[in-house]
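Welcome, and please load the model in your viewer.

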Amino acid sequence: MMAADTDNTRRGSSRFEDIDWNEVEQRSGSRPLLTTIKLGSFALFGLLALYDAIRNGPFAEWLLEYISGGPQAEYTVLGIEVATGAPTFDFGSFVWDVTGVDWLFVATLMVMFWYAVVPLARNPRMTRYYWRQFRKNRAAVISMVYLVVIFLVGTIVPLFISVPTSNFQAQLLPPVFTTVSTAAGGDCLVQVTDSVCRGTMAHPLGTTRDGRDILKLVIFGMRVSMQIGLIATLMNIVIATAIGASAAYMGGWVDELLMRYVDIQLTFPQFFLFLLLSYLFEPSLFLLIMIFGLFGWGGISRIVRSEALQRTEEEYFKAAQSAGASPLYVVRRHVVPNVSNSIITAATLAIPGLILAEAAFAFLGLSDPTIPSWGTTISAGRNYLGTAWWVATIPGLFLFFTILAFNFIGDALRDALDPRQE
Amino acid sequence: MSDPLISVKNLHTQFHTDDGTVRAVDGIDVDVSRGETVCIVGESGSGKTVTSESITKILQMPPGDIPIGEVQFRDVESVRELADQFPKRVFDVHEDDAPGTAGTDVPPEEDRPGDEKHFVIVEERSGDRISRGYIDMVRAPDNALRKIRGGDIAHIFQNPQSALNPVYTVGWQIVEAVQLHSDDDDEAARERAIDLLDRVGIPDAAARFDDYPHEFSGGMKQRVIIAMALASNPDVLIADEPTTALDVTIQAQILDLLAEIQEDLGMAILFITHDLGVVAEIADRVVVMYAGKVMESGEVFDLFESPAHPYTRALLECLPGRGGDMVSIGGSLPSVTNPPDGCRFAPRCPHAVDDCFTGDQPPMYSVEGADQEVSCVFYGDGYDESVVQTEFAAAQNRTARTDGGRTTGRRAGTDTDESVRSDGGDR
Amino acid sequence: MSARTLLEVKGLKKHYPITQGVLKKEVGRVRAVDGVDFSVSPGETLGIVGESGCGKSTVATSLLRLEEPTAGDVLFEGEDITTYDKAELKRFRRRAQMIFQDPTASFDPRMSIGESVGEPLLIHGISDRNRRREIVKDLLERVGLSADDIDRYPHEFSGGQKQRVALARALVVNPELIVADEPVSALDVSIQADILSLMNDIQAEFDLAMLFISHNLGVIREVCDRVAVMYLGEIVEIAPTEELFSNPQHPYTRALLGSIPQPDPRQRGESITLSGDVPSPSNPPAGCRFHTRCPDVIPPEGYEFEQRHWRSVQDLRQRMRKGPLDLETVRTAHSDAAGDGHVQTAEDGQSVLDDEGLKAGIREEFDIPQRLSDDEAEDVLDRALTAEVSDDHESGRDLLDEEFQTPCEQTAPELRETSAGWEAACLLHDEQRQRVEQPADD
């Protein structure tokens with residue numbers, strides 16, 4: 001059994017009894033390389049965001065307005081030239097004016113990368129195991145492919161194309177390969193032969209009443225949907241995990257206080273909060289995301305709390321404690337990973353609700369009309385359903401399939417990740 | 001000797017899972033007679049619980065499945081009753097031939113006339129009445145099984161907490177069990193329930209009648225469950241590890257109680273356990289299972305004094321606390337989905353020879369001079385069984401030596417034994 | 001084994017308050033551990049054995065301060081760990097490790113075996129991942145697994161393998177004390193032997209002190225040098241293992257040893273069966289806590305009882321203290337005890353026992369013979385039973401209470417050295433010693 005005893009020279013210091021604990025306990029720990037890179041990337045992101053906030057954000061407007069006396073004046077803060085209106089990145093051909101929502105979106109993607117993609121890549125065995133479980137649900141696999149395409153197209157393509165603008169030369173063009181009779185009241189200005197309006201390759205999915213390209217609108221709509229869904233959900237997850245885990249782990253009056261607050265928050269729908277605030281301020285995507293992100297976590301935090309309460313009864317918590325781990329360590333290394341399955345499942349099933357809410361607001365005309373979301377496009381096409389079915393239907397189909405896909409994936413994740421079924 | 005009350009013949013129970021078919025029970029034979037306690041002993045994963053659940057088919061089907069095998073329940077009254085109820089599914093061995101000409105062998109299912117799946121098998125009639133026959137539990141439909149389960153064959157399980165419904169009083173649950181199998185009115189059922197509770201040693205039975213399960217301790221709950229099982233005057237009691245969740249002192253009480261009840265009521269008990277100590281305490285016959293197969297079966301004294309199969313011996317030698325050196329078995333259980341060829345125990349057996357690794361599990365050979373059967377090639381033709389027994393002699397000596405130490409303790413215990421009130425465990 | 005003491009526990013108590021109402025007013029206490037003393041030397045294994053609920057696991061968790069003990073001192077190398085601050089406690093927890101019962105629940109299913117075993121190293125400051133992996137690989141091989149297992153997950157191991165991993169996790173920070181709480185109870189017997197011999201080997205190699213908690217005396221006998229027997233939060237006997245098994249001094253130890261079913265059918269029926277259940281630790285019996293079940297409970301002065309009958313009379317007396325007897329059960333279940341003479345047919349046609357019949361039924365219910373050998377005692381019992389069946393419960397109860405007092409409920413025995421050379425807490429021994437010391441009294 002103790003075969004390794006014979007060659008202790010080879011192993012040298014890799015034997016547990018050779019560790020000099022006096023020396024180890026004196027020394028403070030150093031960070032692994034990956035953690036350093038991770039922290040570095042967040043720091044870089046923070047600096048960039050701060051730079052943009054000073055130079056170009058609402059903070060800049062305030063600076064120009066109240067410190068230097070007028071919007072046209074120039075001012076320099078910490079060596080940064082303050083100028084509103086200028087795009088954040090301007091490399092000649094690549095111009096990207098990063099908005100508040102964009103910053104949030106980038107932050108969300110970074111968090112997803114470091115806390116979902118990297119851990120999965122570092123544990124290939126566990127990843128393969130989950131994949132095998134997930135793969136059993138074919139609809140979910142198809143849904144995932146669909147969502148990945150939506151996600152990639154929605155995040156990358158809008159960086160290289162501009163928001164579609166009105167083009168009165170191409171109003172209500174039907175999608176390519178389809179025709180519509182001009183007699184039916186279409187305002188089609190081009191491609192009219194035999195009083196038939198034909199779709200063109202220039203606008204493969206047709207155009208709206210004011211001649212905007214529906215393909216581009218749909219692509220921008222993808223981005224809006226992903227932003228709404230991912231940012232607000234991530235905010236929900238972070239807050240819900242923090243609140244739920246601390247309530248469960250600390251217990252007592254902390255638990256009581258936090259959970260009673262959750263009760264109160266849940267009595268007040270975010271829908272009405274948004275209505276209320278959009279009368280006070282301009283309705284915007286940023287406002288919508290903030291409201292749903294900051295006030296939508298009640299249900300998930302309850303799930304986290306009850307899961308965490310169950311898990312803290314398990315012996316491995318006692319094992320970690322008896323090994324000398326601090327409460328923070330136990331929460332971070334054991335509570336959070338073990339409730340993450342429930343969180344991910346709950347979150348995945350919450351995303352469709354957020355996307356639908358945005359679409360509903362847009363449909364009711366309660367959103368920023370300049371944001372090209374699916375909801376706004378559907379809303380714009382609702383009056384032409386008889387003559388120009390494609391305006392409302394095409395984004396509607398994308399919306400429908402996206403919601404369906406998230407629901408399928410949520411169900412599959414529940415089956416694959418839920419440890420109670422193991 | 002009369003027919004056994006339950007005989008399990010060539011039983012195969014399988015579970016179809018994502019990882020393949022788990023052959024939990026892979027062709028075993030067990031007989032239980034009236035008034036007899038048969039213990040199935042084995043480690044976890046040996047298939048002992050699945051065997052017990054296959055008898056009344058209380059296992060989940062699917063994924064469970066019994067493709068081959070028969071479980072014969074030879075209670076003439078039940079046979080008569082079910083023959084009346086399911087006349088189409090009765091198979092009479094002598095129906096077509098002149099009485100007394102053919103043997104009483106039951107032809108295999110595919111050779112029987114008719115399309116019906118027969119499950120009531122009649123072997124002999126005296127006049128019009130059925131005098132010998134059995135119910136084939138494997139082929140019996142659910143509505144026939146329901147009559148037998150809890151009535152003629154009662155089950156008790158390992159975990160007393162989960163076997164009682166927490167929202168009903170203990171008394172109500174026993175009354176329910178009583179009325180399920182009798183026509184007693186409420187008053188009579190209540191009296192019978194109190195009688196049963198008192199019978200299983202619950203103090204102040206009438207006062208505790210209206211208590212809820214959580215007001216009872218673990219040992220008391222197990223007594224209540226035994227009372228419920230007794231409610232229908234069963235012929236067979238199947239007890240699946242009924243004392244494993246209990247403390248030793250309480251376990252001793254429950255074992256005493258079971259032995260006492262059996263003596264009074266003449267039930268057959270099929271007792272599933274992993275604890276050889278418990279086996280030695282209550283068994284008449286023992287069946288040793290390993291990886292879905294029977295390794296050895298026999299009369300309890302013969303089996304403990306001269307265990308024939310290397311696995312049985314290994315199991316006895318690895319018991320902790322006998323004072324001598326524990327000898328661990330080494331290795332691990334074979335794969336359940338893809339068991340090895342030959343004897344299932346061969347990969348861990350110190351005596352294994354080439355023949356052990358080929359073909360099927362060896363047949364059950366009788367052991368000379370003992371009421372024992374063993375599935376080991378060394379008891380077959382051309383082998384010398386002393387090969388696997390020599391080492392045992394050494395173990396026997398050691399046991400005898402270390403027993404010396406224990407006997408001293410025993411004697412100290414026995415001194416007091418006289419002054420201890422004996423719980424009526426007169427055996 | 002060295003004479004130095006590594007761990008010394010003095011008067012350790014752990015009480016859990018029972019609270020009621022919104023204000024969490026304390027209405028009682030569960031005395032899970034109620035004053036235990038013991039010590040463990042390097043290289044020694046001390047076993048703690050007892051039934052479930054006797055407080056043996058609470059001893060483990062409160063001496064490691066996983067739960068704060070209510071009272072008492074725990075000295076580790078002479079330092080009182082109950083006064084440690086956070087940093088000192090963390091250092092102590094490196095030196096004292098714990099192994100748990102359930103090998104499945106004691107591993108985080110989301111962590112590979114390598115991460116779990118290396119976790120204590122990480123917690124105690126070894127941040128170099130590669131170094132941790134090297135140490136863990138080496139250790140896995142030494143507990144009988146393969147170094148390649150490091151990246152596998154708990155669900156891929158059998159129970160026995162997981163318990164090997166648990167042993168590796170406990171060893172990895174090179175502790176001086178290992179507290180093992182029922183480490184083999186969840187395993188099959190054939191696997192138990194492997195794990196126990198591994199523990200024995202490892203202990204011998206590293207001169208570890210071990211506190212081994214189990215309900216299974218067989219397992220205890222296999223690994224322990226000394227054994228402490230616990231009953232209801234107290235230690236009733238503490239002795240070297242083989243001596244305890246061959247010559248138990250406390251009646252409870254005898255009963256516990258006698259209840260283990262032996263794998264020998266020739267010995268069947270020899271077991272001692274204790275009556276009743278373990279009393280609740282929230283309201284332990286006065287005096288000797290075992291006196292409510294003790295087969296050797298001491299009879300009062302002035303009466304000559306057969307010990308077995310005395311136990312039965314005690315059972316009746318304890319039962320009567322709780323309230324009037326349940327005569328309905330006696331009527332339904334023991335109507336045949338009285339004999340035909342006492343069964344009368346009531347007006348509604350049902351047969352009913354008269355008072356004499358009831359008294360006989362009560363005797364049967366409590367296993368008391370129809371006539372006690374001591375006439376005076378018989379007289380007292382008969383008077384008490386007469387009072388009980390004629391609806392005068394109080395006087396019957398008081399009569400029994402007064403006349404049949406046992407010294408065991410009046411005096412709580414302390415752990416004292418017995419004639420056998422080790423400590424047990426039983427008045428029988430004190431009495432014997434008193435008799436030896438003061439022969440004039442007899």
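A polar contact here is a pair of N or O atoms within 3.5 Å; within protein, one must be able to donate a hydrogen and the other to accept it, and residues adjacent in sequence count only if both atoms are side-chain atoms. This is a predicted model, where local features need pLDDT of at least 70 and side-chain atom pairs count only at pLDDT 80 or more, while totals for chains, interfaces and linings use all residues. Residues are numbered from 1 along each chain as written, chains are lettered from A and ligands numbered from 1 in written order, and side-chain values use heavy atoms, without hydrogens or water.

Start by selecting chains C and A. Across their interface there are twelve residue pairs in polar contact, both at pLDDT 80 or more. Helix 2 (86-95), strand 6 (96-99), helix 3 (113-123), helix 4 (129-142), helix 5 (159-171) and helix 6 (189-206) of chain C each supply at least two residues to the side touching chain A. Helix 4 of chain C gives the most, with eight residues.

Now move to chain B and select strand 6 (residues 120-126) with strand 7: they pair antiparallel over six bridges (pairing takes at least two DSSP bridges). Ile121(B) stands opposite Tyr134(B) in strand 7. These two strands of chain B form a hairpin with two residues between them, and Gly127(B) in the turn has a positive phi of about 70°.

Note on methods:
Helix = DSSP H or I, 4+ residues; strand = E, 2+ residues; numbered from the N terminus.
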